[in-house]
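Colleague: I have not looked at this one before. Can you walk me through it?

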Amino acid sequence: MFEIKITKTDAPKPKPADESALGFGKLFTDHMLLINYDEGEGWHDARIVPYAPISLEPAAMCLHYGQEVFEGMKAYKAADGEVRLFRPEKNMERLNLSNDRLCIPKIDEKFTLEAIKQLIRVDADWIPSAEGASLYIRPFIFAVDPFIGVRPANHLIFCTILSPVGAYYSDGIKPVKIYVEKNYVRSVSGGTGYTKAGANYAISLKAQDEAGKFGYVQVLWLDGVERRYIEEVGAMNVFFVFEDKASGKIEVATPALRGSILSGITRMSCIELLRSLGYTVNERLIAIDELIEADKNGTLKEAFGTGTAAVISPIGEFKYGDSIINVNNGQIGELSQRLYDTLTGIQWGRISDEFGWTVPAFGCCCK
Ligand code: PLP
Ligand code: COI
């Protein structure tokens with residue numbers, strides 16, 4: 001298990017000519033990491049091989065019942081050439097949380113992270129250095145038993161692919177417009193909303209597609225029971241900045257984790273960062289009516305989303321039925337900008353990392 005066989009491609013692909021126009025998730029590097037799971041053997045046969053199609057039986061269980069989970073992280077190349085990962089052990093931890101919920105055998109977190117680092121090292125030439133660009137790392141696990149009965153799989157594949165990326169939203173850090181979903185729900189407590197199961201994203205497509213027709217890039221989900229409390233956006237957690245008119249006191253609020261939303265690593269980092277800066281941050285219930293009220297009485301100052309792909313994404317507008325909530329005149333708020341600058345500063349090594357969040361991509365964590 002603790003050995004990683006490396007087979008390099010003899011046909012490397014050309015690297016992107018213009019790193020400032022990478023977009024998100026369209027290009028893949030020359031290699032991928034594979035690890036097999038077979039009942040009785042556990043996870044075994046870790047290997048780095050040329051990026052290529054994976055052959056599957058048509059009866060492979062993942063194709064029928066969606067037993068699949070994934071993660072998302074990034075490698076950041078600093079101006080001095082140093083490559084860093086951001087809290088990658090949290091991704092490994094969360095992958096095992098997803099595994100547990102989806103009846104997928106747990107991975108060895110330290111070894112798997114080490115194997116991912118080796119993959120990054122093999123494809124190090126693909127890590128972009130343009131401003132705001134990074135190497136997106138996508139680990140995922142899927143069930144491959146050829147069987148169409150419903151039960152947890154006994155045979156699975158862990159794979160990691162790498163993609164040089166720019167901004168997730170085509171407009172970069174410009175505020176995004178979000179559609180508040182009234183008809184469809186994503187998740188309920190007791191379901192899989194807190195995991196990164198591919199199925200969570202499949203069921204969100206219809207709402208996203210319909211929102212897209214009105215010109216909104218993403219959907220803000222409300223809770224699945226009362227359709228009243230704000231949960232999260234398609235690929236981001238959400239934060240709101242409220243200002244009490246009388247006292248001038250600022251509250252940063254984000255929906256509490258109640259089992260139906262993802263515990264984002266960017267979310268937890270923003271909470272820690274904001275608290276260290278002296279802000280009051282509350283993880284609590286936030287009703288959509290509260291947002292509408294705060295907009296009317298002028299106490300809603302800023303809204304932003306957080307995520308690995310999206311980084312800090314200011315929100316300029318929400319549409320909820322016939323109501324339009326215009327946030328900060330559609331401009332980037334002061335706090336959103338400060339968080340963006342601090343977080344990306346730490347990730348790219350421009351600001352000293354007092355939290356100890358970053359780790360060198362090429363150092364060994366395998367003890
Ligand atoms: N919520 C959802 C549904 C996501 O897909 C993501 C992205 O991974 C996030 C929140 C943000 O999580 P993180 O900050 O760990 O990337
Ligand atoms: C990420 O931010 O890493 C994600 O997984 C979001 C993804 C759905 C693009």
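Predicted model: local features only at pLDDT ≥ 70, side-chain atom pairs only at ≥ 80, totals over all residues.

Colleague: Start with ligand 1. Which residues come nearest to ligand 1?

Modeller: There are 16 residues around ligand 1, and those that come nearest are K196, Y201, E232, T266 and T308.

Colleague: Which helix and which strand each supply at least two residues of that shell?

Modeller: Helix α6, residues 265-276, and strand β15, residues 300-307, each supply at least two.

Colleague: And what polar contacts does ligand 1 have with K196?

Modeller: An oxygen atom of ligand 1 is 2.6 Å from a polar side-chain atom of K196. T266 also has a polar side-chain atom 2.6 Å from an oxygen atom of ligand 1. With I265 the contact is through the backbone: an N or O atom there lies 2.7 Å from an oxygen atom of the ligand.

Colleague: How much of ligand 1 does the protein cover?

Modeller: On its own ligand 1 has 390 Å² of accessible area, and the protein covers 96% of that. The space that ligand 1 takes is the largest pocket.

Colleague: Now ligand 2. Where does ligand 2 sit?

Modeller: Ligand 2 sits in the largest pocket. The residues surrounding ligand 2 include F24, F70, G72, R138, Y168, A235 and T308. K196 and Y201 are also among them, and both of these are in the list of residues nearest to ligand 1.

Colleague: What does K196 do at ligand 2, in terms of distance?

Modeller: A polar side-chain atom of K196 lies 2.7 Å from an oxygen atom of ligand 2. The side chain of Y136 has an N or O atom 2.5 Å from an oxygen atom of ligand 2. For A309, a backbone N or O atom lies 2.8 Å from an oxygen atom of ligand 2.

Colleague: How much of ligand 2 is buried by the protein?

Modeller: Ligand 2 exposes 280 Å² when taken alone, and the protein buries 89% of that.

Colleague: Change of topic. How many residues does helix α8 have?

Modeller: Helix α8 has 14 residues, 334-347. From first C-alpha to last it reaches 20 Å, close to the 20 Å expected at 1.5 Å a residue.

Colleague: Which residues of α8 are buried?

Modeller: They are L335, S336, L339, T342, L343, T344, G345, I346 and Q347.

Colleague: Why would residues three or four places apart point the same way?

Modeller: Because an α-helix has 3.6 residues a turn.

Colleague: And what comes just after α8?

Modeller: G349, which takes a positive phi of about 75 degrees.

Technical notes. Residues numbered from 1 in each chain as written. Chains lettered and ligands numbered in written order. Heavy atoms only, no water. Helix = DSSP H or I, 4+ residues; strand = E, 2+ residues; numbered from the N terminus. Expected span 1.5 Å × (residues − 1). Buried < 20%, exposed > 50% of the residue type's maximum accessible area, 1.4 Å probe, protein only. Near = heavy atom within 4 Å. Polar contact = N/O pair within 3.5 Å; in protein donor to acceptor, adjacent residues only side chain to side chain. Areas by Shrake-Rupley, 256 points an atom, 1.4 Å probe, with all protein chains shown as cover. 1 Å grid on protein atoms, 1.4 Å probe; cavity = no way out; pocket = protein on both sides within 12 Å on 5 of 7 lines; lining within 4 Å. Sits in = over half its atoms within 2 Å of the grid points.
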